[in-house]
Amino acid sequence: MCRKSRFFHRILFKMSVWVFLLGFVSVLIVTYIVKAQMRQNIEKQITEEMNSIQSNCELYVRQILLINSASISETGFEQCAYEIEQQLKRAGYTDIALYTMDGRLLRSSKLQRFSGENRRKDFQFARKLRSAFTLRYKKQNYCDVYFSMPVQVMGQQVGILSYYQDYSALYKREWETIGGMLRVMVMAFGIIYLMIWFMIRRMIRPVQQLGRISEDISDHLKDGQFDSNMLEKLGDVKRKDEIGELSRNYMQMVSVIKEQFEKIQEDRDHILHLWNSRQEFYNNVTHELKTPLTTISGYAQLLEENGLGDEELFYNGIEHILQESTRLHRMVIQLLEMQDKGRYIRMGQVDAAVVLRSVTDAMQTKAKRYKNCLILDVKQGDYLVEGQEDRIRQVLINLIDNGIKYGRIGGNIRIRLAKEDGAVQITVENQGEGMDKEELSHIFEPFYRADKDRSREMGSSGLGLSISKKIMEEHGGTIQAESEPGGYTIFRVCFPAAGERRD
Amino acid sequence: MNRESKKIRNKRIRCAGAACMLIVILLCGCEEQEITKTVPLSNETEEEAEGIDVKNIQEYIYEGNVIDITWSEEAAGKLCLIKGLENRGILQWVDVYQKTVSEEIVFEESMIGYVKTAPGGRFIAYEHEAEEFRELIVYEVESGEKEAVMTWNDWSTIYRMEWSDDGSKLLVWTDIEESGENQDIGGERIMYCYDMESEEKLSSQVRIPVNGKMWRGMYPNEDASRVFIDEEYYTEEYDWGEENTEFENEELEGDGEDYISELKAKEKNWLVDMETKEVREVDIVRTNIGIPIKYTKRGLFGIDEGKLWLAREPLGQVSGKRLLETKEEDVCICENGDHIFLIEKEEGTGYLQVTGILLEDGEIKEYQVLYKGVDGNFEMPFFKTFIGKDDHELVICSIEHDLWHMNMKVLEY
């Protein structure tokens, strides 16, 4: 939507237009009503005045006829027309005309005013013995009245009297009054309009702010960000009205959305990570399976081509095929172990100290090969744990084997057994190249090798620690690693002591 | 655009169209327009007035210095007037209907001061100065005889004279004793009643205490059997604005409003029965007769605080009855008390306006404007209105602007 179009669709614009239109129409209606009322008032005033003029004129005509001893008849009226006119003039009725009952003009103070009287309705009324006045409103505040009345003296109709009066001054005065009133009204409307405009603006401003904030949040969402800092600009949360309530609700809604957004992002990252791990696991599995198969396949081909001709190659080939197939077999076994959910593992009480001593003794030979020394430190105590001895043994072998393989040559590998807070804790510590935090975070992933070349050389499949972690989870225990690059590496496994385990 | 949107759009267009039409109509209505409109007045036929119906109006301009005027019992529309010229008393009649003037009759060669013509014009009472004394003479018009009803030394005075409505009894308010001497009894004045149709002439005299310096008004009923007397202090002669004003009244001295209030409190009013000579004080607060107008057969009329009141029985316990609002310009009431004429200025124009009121059993039956004059000459020095012969005429006399001509109007009803 273009900017211009948006301006016309704004609430402020719409409401301003509506208020203006309503105000304008109200002013017009008031003007219309006041004008109608004014005309009604003028008519009422003129009607009262004409009633008074009628009774006065009849009185004057009667007086003149009596004073002049004229007959109370049309003839008397005709005879005294001059005196009547003079008397009425003296009484202030300057523009008059006297007629006989059949409409014949007897006297007129101003002829030009009383021409065409037969066309005037008031005169027609008077001829039908009814008094009436014709009111003419013209432009430039001009207003005049023709009044015609049948003159009745002592019950006798003696003639018709027409009277002209200019009411422009009255009309103008009324108009000026209305004009003044309208000016005041328009000014008042202007002030009220401005006040309403400011009020609407003040009311709408938070809504506009909310709109802008929503727009900003929406813009940032496109970039995968949820920027709620704009909410700080929302300054109407303290208001106690509906706007304040809306602002507060909006803020609350935004914070909930933000939480959800962050959670979704976290889940997405986790899913991505899982996806990558799976992919990496798949790649590792295929790679690890492919390597021994390639070796086996190569030696098998050589043996096929040379047969038993080359005895050394034969035995050497057989050995390699045997080694690689063993490794392949072990790897498959380990993969199967990883997939094993441990449903059918039969748990029993295992003395961790016995198992640890056994494993340490067994691993002494390999340690010597690496010129390492295994130092076992078992404190006196009860180290019974719930579990399967073989699986526990496998974990300990993995840890001590890793400690030997990745430890410094000629170094000591310290193995400790202790009981802390109801848990049996075994630590295997060696000195070597150590690992940084990034490496530490991945070491329990399948096929992860901190130093891949070295690991492979040492016949590592990269599944040992992930299998160990899996076993520990099966036993309700934990496995942790801490290390310092270029220094020590400690693996710590904790089993819940027998009777302490809670699944 | 779907159907719903089209509907909304069409609705909006219709609304906008209606609003535009309304605005256009209002704009057209508010614009100055040329309108011609005929308004018939309500056709209420005025009921035949049952009140005072003026049958004839006549006027006459008389030339001369008129000092007193009254109606003549000789004929309707005939007025009896007194002119004063170099101490001569001249009598003349004017027939307003016929527009004729009679011959002048010089009835006195050395007339001074006070002249009062009896209603109907049968008698003229006036002060006459002899060589060593003064006398009150009553001139009988028909016979041309004069009779001195009172004689006194020249430093005494007649304060007031009034004729009864039937024109036969003369009331005189004075400090002159019957012997002709000035009475020296402190605090008393004498009211004499002369019956001009009796042999004795002096029918009764009543002494009334004086309450300091004051004006006394006498309001006899139609045959002067009862007279209402009111007191009014000369408050208007004192100029409160001047410094160091010393009041002539020896007994009552004071300043401004307090002094007037004190004087007002001292005012007393009496009703005198001329036959029994009983003098009884009238409670003017109860009767509301502030300024007495006329003592009629219906009772005593008076004006108080801009309202006309009727006290049917001034001595009774019943308070006065308020009749109508009126300005204190001129009120003329017939001796029966059923015809009241208000002669006043018309509001707005200031012209003379005569309103006739018909009273029936003390209630206003009809109230109507009888006459409108286009001049305001009732403000002139001489302006007199009275009821004429047989209670069928209202006479309005006023001096014209040149102070030499008198306009006499007779409204026959």
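Predicted model: local features only at pLDDT ≥ 70, side-chain atom pairs only at ≥ 80, totals over all residues.
Biologist: OK, and how many residues of α13(A) are buried?

Modeller: Nine of the eleven residues of α13(A), which covers residues 464–474, are buried, leaving the helix mostly covered. A residue is called buried if 20 or more other C-beta atoms, placed from the backbone, lie within 10 Å of its own.

Biologist: What comes after α13(A)?

Modeller: After α13(A) comes A:G476, which has a positive phi near 75°.

Biologist: And α7(A), does it lie in the open or under cover?

Modeller: It lies largely in the open, because the number of buried residues among its 65 is five. Those are A:S247, A:V254, A:E288, A:P292 and A:Y299, and they pack against α6 (168–222) and α8 (311–339) of chain A. A:G307, with a positive phi near 60°, follows α7(A).

Biologist: How far apart are the end C-alpha atoms of that helix?

Modeller: They are 93 Å apart, which agrees with the 96 Å that the 65 residues (242–306) should span at 1.5 Å a residue; the expected span is 1.5 Å times one less than the number of residues.

Biologist: Stepping back, what is chain A built from?

Modeller: Chain A has 13 helices and twelve strands, and of its 503 residues 26% count as buried. Among contacts in chain A between residues at least 6 apart in sequence, 63% join residues at least 24 apart, a contact being two residues whose C-beta atoms, placed from the backbone, lie within 7 Å.

Biologist: New topic: how many residues of chain B are in contact with chain A?

Modeller: On the chain B side there are 26 residues, in contact with 33 residues of chain A. The elements giving two or more residues to that side of chain B are α1 (3–30), β1 (35–40), β2 (56–63) and β27 (363–372). The side divides into 13 nonpolar, eight polar and five charged residues; Ala, Val, Leu, Ile, Met, Phe, Trp, Tyr, Cys and Pro count as nonpolar, Asp, Glu, Lys and Arg as charged, and the others, Gly among them, as polar.

Biologist: Which strand of chain A is joined to β1(B)?

Modeller: That is strand β3 of chain A (residues 132–138), which runs antiparallel to β1(B) and is joined to it by six bridges. A:A132 stands opposite B:P40 there. Two strands are said to pair if DSSP finds at least two bridges between them.

Biologist: Within chain B, what does β4(B) pair with?

Modeller: Strand β4(B) (residues 78–85) pairs antiparallel with β3(B) (residues 66–71) over five bridges, and eight bridges join β4(B) to β5(B) (residues 88–95), again antiparallel. The hairpin of β3(B) and β4(B) has six residues between the strands, with B:G77 in the turn at a positive phi of about 80°. The hairpin of β4(B) and β5(B) has two residues between, and B:E86 in that turn has a positive phi of about 50°.

Biologist: What is the order of strands in the four-stranded open sheet?

Modeller: The order is β2-β30-β29-β28 in chain B, with antiparallel pairing, and the edge strands are β2 and β28 (383–387), each pairing on one side only. Seven bridges join β29 (393–399) to β30 (405–412), where B:V395 has B:V410 as its bridge partner.

Biologist: Last one: which residues have the most contacts inside the largest nonpolar core?

Modeller: B:V172 and B:M408 do, in a core of 127 residues, a core being a set of buried Ala, Val, Leu, Ile, Met, Phe, Trp, Tyr and Cys residues joined through C-beta atoms within 7 Å. Helix α2(A) (residues 11–67) gives this core its largest share, nine residues. A second, separate core of 38 residues includes A:I404, A:L417, A:V428 and A:C494.

Definitions and conventions:
Residues numbered from 1 in each chain as written. Chains lettered and ligands numbered in written order. Buried ≥ 20, exposed ≤ 12 C-beta atoms within 10 Å, placed from the backbone.
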